[in-house]
Amino acid sequence: MVGQDLLPKICSEPNVERVFVLTRRNGVLSSHRKIEVVHGDVTRPDLGLQYHLKQSVAQATTTIIHGAAETSFSSDLSAASAVNVAGTENMMRFAAGCPRLKAFCHLSTVYVSGKRTGTIREEDLEHNFGFVNAYEQSKYEAEQLVASQAQRLPATVVRLSTILGRSLDGAVTKSGAIHYALRFFFHSLAPMVPGMKESPVDLIASDYAAESISIAAFDQFTPGSTWHICGSSDAFSLEQFLEETLQLFYQNRPAWRKRAIEKPAIVNLETFYLFVRSVEELGESVLKNSVAVLKSFAPQLAYPKLISDASTQHALQRSGLTRPEIRDYYPKVIRFLLENNWEATPQEQVRL
Amino acid sequence: MRTYHHLPAGVNQHLARSETQPLILQWNVAVNQGRSSIRLRICGKIEFSTASHLMNLGISAIEYALPSKSVSVRELAEAGLLVSRAEQLQSFGFDRCYISDESADELALRAAAALLDNCGVRPESVDLLLYAGAIAPSHHIAGGQFVSNFNYPATKLQYELSLTHASVAGISQAGCMGLTYAAKFASDFLRSNGEAKCVLCVSADVLPKGVQREILYNVISDGACALMVTRNSVQNRIVAHRSVTKGYYWDCISRKNEILAAYFPTAKNLVQDLLRGAGCAPEDLRMVLPHNVSYRSWEILLDLIGVKKEQLFAANISQKGHVIAADNWINLKDAMTANLLIPGDKLLAFNFGLGANWAATLIEH
C-alpha cells in the first residue's frame, strides 16, 4: 500500500545507487533509472531467483525493506503465514547471504497487538490475548521470527497503522478494507460496526508512512528498534469517525443527503456477530460481501487501544518529519474516493 | 383528588393520575411597548411531551380477527409458499401462520364488530373510521368490472356497522405501518377536533391465494385488527410517537439489501429519540410490543436500544407470524388478556413497514 509513495522516496536518497524491486507481478515497468525490477516470490526458496541473479542482487544489497505480505484480512492462517511468516523467513535467509547488508527493515502492523487493549508501546510484542484475524497473527509470528534473529541480523521493525491515502491530495493507490467499508457506508450497506463510541480509529497517510519507513531504514536506522507509524493520539474516536464521514458525504455529494442513510450503529461484538451470522445464513450476496469485509477487520474496534508512538515521534522529529493531521487529510481522501467512484489509482500497468 | 382551581380540568386529572405533587402556574400579564404578553412560569414537574396528557388520548379497546386455518412453516415449504428453507425460518423464530379463506373486508368486519360489541361505544358516536391495508387488494372489493375498484371496504364497513356519523378514509401505501399510522392520525384528529370523541381504526390484509408467504425472511399471516382511539381512554394512553419515512428504499425488490441494512440503525435512532424525548429510560419500559418479524432481528434490535430480552412480548412471533399491520396491537391485546400489564406500565410499540417506514409509539397502560 505504500509502495507507490515509498519507491520515489528511496530513489531520492543520495546514498542509494540502485533499487531492486522484487515482485511477483508481470508487466511491471520501471519508473526511475535506479530501479531494477526483479521477478521473484518470497514464498519460494531463494525468493524464486535464479542462482546468478540471486548472487548479484545479494552482493549489491546494503538495505532490505521487506514489505511483501499477504494483507487480506480474510485470508486463513495457512495462506497468510505462507507469505507473511515463511516469506519473512526466506527473506531473512537471503539477507544473511548479503555480505554488505547494513539494514533489514521489516514492515509490520501495529495490530500485532491483536486483542490487547489499552496503550501499546513500541517495545511491546509478546502477548497472549489472541488476534482478530489471521493477518494479525501471521505478522505477529513474523515479528517473533525477526526478533529471534536479532543477534545475527541488523533488523528494525516498522509497524504501520491502517493506511488511508495521501495527505497531499487524498489519493488512494490501493483499496483496503477501510475503503471498502466506507464505500458500503455510502451505499447503505454498513448497518453496524462493533466497538465503543470512544474506540480510536487509528489511520495514517501513505506519504507519511513512506517518509517514515525511509527514515527508519536509512537516516536513523537502529538495529533492534521498533517504530510505530500511526495516528496515535491524533485519531478519531469511532463515533467521531462515523459522524465526520457522514458530514463529508453530505459536503461532497449534496444529493446524497436525500437518501437519509444512517450512520452505522455501534454495537458490541456479540450483537455484531449475531448480525453477521444472520446475514451469512440469508445468503444475500451484496450484504454478505459487506459483512465479510466488516467482520474481517472491524472487530479490532471492539478492543480499543491507543497506539503510542512516543519514541517514534521523537526520532521522526529529529529528521524534520511531522505527522499530518487526520482532520486535514481525511476530507481529501473522501473527496478522492467519491470523485474516482471508489476506485484507487488505476494499477493495471504499475510503474515502479 | 386535590383540585387546583387555577388549572384546567385536564391538568388536574393528570395530576391525580400521575400523583404529581403541587404545581404552581403563575400568570403574569405585562404590557410591553403597547402589546400585551403573558409570561408563564412553571414550578414543579410536568411533562408536556404531548397534549394527550391533558385529554387521556389513548387506545381504549382492541379486538382482532384471525382466520381459522393455521399452517406450519414446514407445510408452507411443502406447498412451495416459502423462499427460504423451513429450517431457516424456524431458526428465525417462526413456526406457524394463518391463511384466510375470508376476504380482508370480512375479517375487518369481524374485528370491528367485536370491538363495538365489547367497548361500550355506540356506533353512531364514532367520529371517524380509518381503514388501513398494506396491499392494493385490501382497498377494494373485487368485482368483474373496472369500476369495482371504487367499491371500498371502508365505506362498506361504515354501513355494516351503522357508523352513521363517521367520516371515512383509508390509509394505504404505508405497508405494515398502516394501523400504527391510523392510531397516530386518530389521536391527531381528536386533538385538533374538540367535538370529536372516538376514532375507529381498522386494518385488514389477506394475501392473494397461492402467493409466497415469506417477505424479507418473515412469515406472513392474514388477519385484521380494530382499535378504538378515544379522547378519554382509561388505558393505553398514547404518550409519544415518532416515525420516519425513507423514500430511498421505496423499491423493496432492488433495494432489498439496503433495506435490511438500514433497518437496524434507523430503528435504533428512532426509538432512542422517542424515549429520550419522553424522558423514558429503556429500563423503565414494562414491555416492548413487537411487530412479529424474526425473533433473531429482535435480539439484535433489543441490544441496540438497550432493552432486555425479557422485556419483549415475543410469544406471538412463532405462532401467529407477522400479521402485517396488526402485530403490535394484537400483542397489546394478548398481553392485556394475559394480565401481564398493570396501569401505568410503559409500553413501546415498534414497527416497520415497506415503503419504507419506521415508527415507534410510547404507550402508558
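Visitor: In this predicted model, is the crossing of helix 1 of chain A and helix 7 of chain A left-handed or right-handed?
Guide: The pair in question consists of helix 1, residues 3-11 of chain A, and helix 7, residues 206-219 of chain A, whose axes lie 8 Å apart. The crossing of these two helices of chain A is right-handed.

Visitor: How is helix 1 of chain A oriented to helix 7 of chain A: roughly parallel, roughly perpendicular or oblique?
Guide: Helix 1 and helix 7 of chain A pack at an angle of about 40°. Angles under 35 degrees would count as roughly parallel and those of 65 to 115 as roughly perpendicular. The angle of this pair therefore makes helix 1 of chain A, relative to helix 7 of chain A, oblique.

Visitor: How do the residues of the contact of helix 1 of chain A with helix 7 of chain A divide into nonpolar, polar and charged?
Guide: From helix 1 of chain A come Asp5(A), Leu6(A), Lys9(A) and Ile10(A), and they meet residues of helix 7 of chain A that include Asp207(A), Ala210(A), Glu211(A) and Ile213(A). Ser206(A) and Ser214(A) also belong to the helix 7 side. Taken by class, the residues of this contact are four nonpolar, two polar and four charged.

Visitor: Which helix of chain A gives the most to the side of chain A that touches chain B?
Guide: The contact between the chains takes 23 residues from chain A and 19 residues from chain B. On the side of chain A, strand 13 (265-267), helix 9 (269-282) and helix 10 (285-297) each supply at least two residues. That side divides into 14 nonpolar, four polar and five charged residues. The element that gives the most to it, with six residues, is helix 9 of chain A.

Visitor: Over which residues of chain B is the pLDDT below 50, with 40 contacts in the model beyond near neighbours in sequence?
Guide: For chain B the mean pLDDT is 88, and 85% of its residues reach 70 or more. Residues 1-8 of chain B have a pLDDT below 50, and that stretch has seven contacts beyond near neighbours in sequence. Where pLDDT is low, the predicted coordinates should not be read in detail. The stretch with 40 such contacts, where the pLDDT is also below 50, is residues 17-52 of chain B.

Visitor: What share of the residues of chain B count as buried?
Guide: Chain B has 11 helices and 15 strands. Among its contacts with a separation of 6 or more, 76% join residues 24 or more positions apart. Of the 365 residues of chain B, the share that count as buried is 50%.

Note on methods
Residues are numbered from 1 along each chain as its sequence is written. Chains are lettered from A and ligands numbered from 1 in the order in which they are written. This is a predicted model: local features need pLDDT of at least 70, side-chain atom pairs count only at pLDDT 80 or more; totals for chains, interfaces and linings use all residues. pLDDT is the predictor's confidence in each residue, from 0 to 100. Two residues are in contact if their C-beta atoms, placed from the backbone, lie within 7 Å. Helices (H or I, at least four residues) and strands (E, at least two) are DSSP runs, numbered from the N terminus. Ala, Val, Leu, Ile, Met, Phe, Trp, Tyr, Cys and Pro count as nonpolar, Asp, Glu, Lys and Arg as charged, and the others, Gly among them, as polar. A residue is buried if 20 or more other C-beta atoms lie within 10 Å of its own, exposed if 12 or fewer, and partly exposed in between; C-beta atoms are placed from the backbone. Axes are lines fitted to C-alpha atoms, for helices over the stretch in contact, and angles run from 0 to 180 degrees between N-to-C directions. Angles under 35 degrees count as roughly parallel, over 145 as roughly antiparallel, 65 to 115 as roughly perpendicular and the rest as oblique. A crossing is left-handed if the near helix is turned anticlockwise from the far one by less than a right angle, and right-handed if clockwise.
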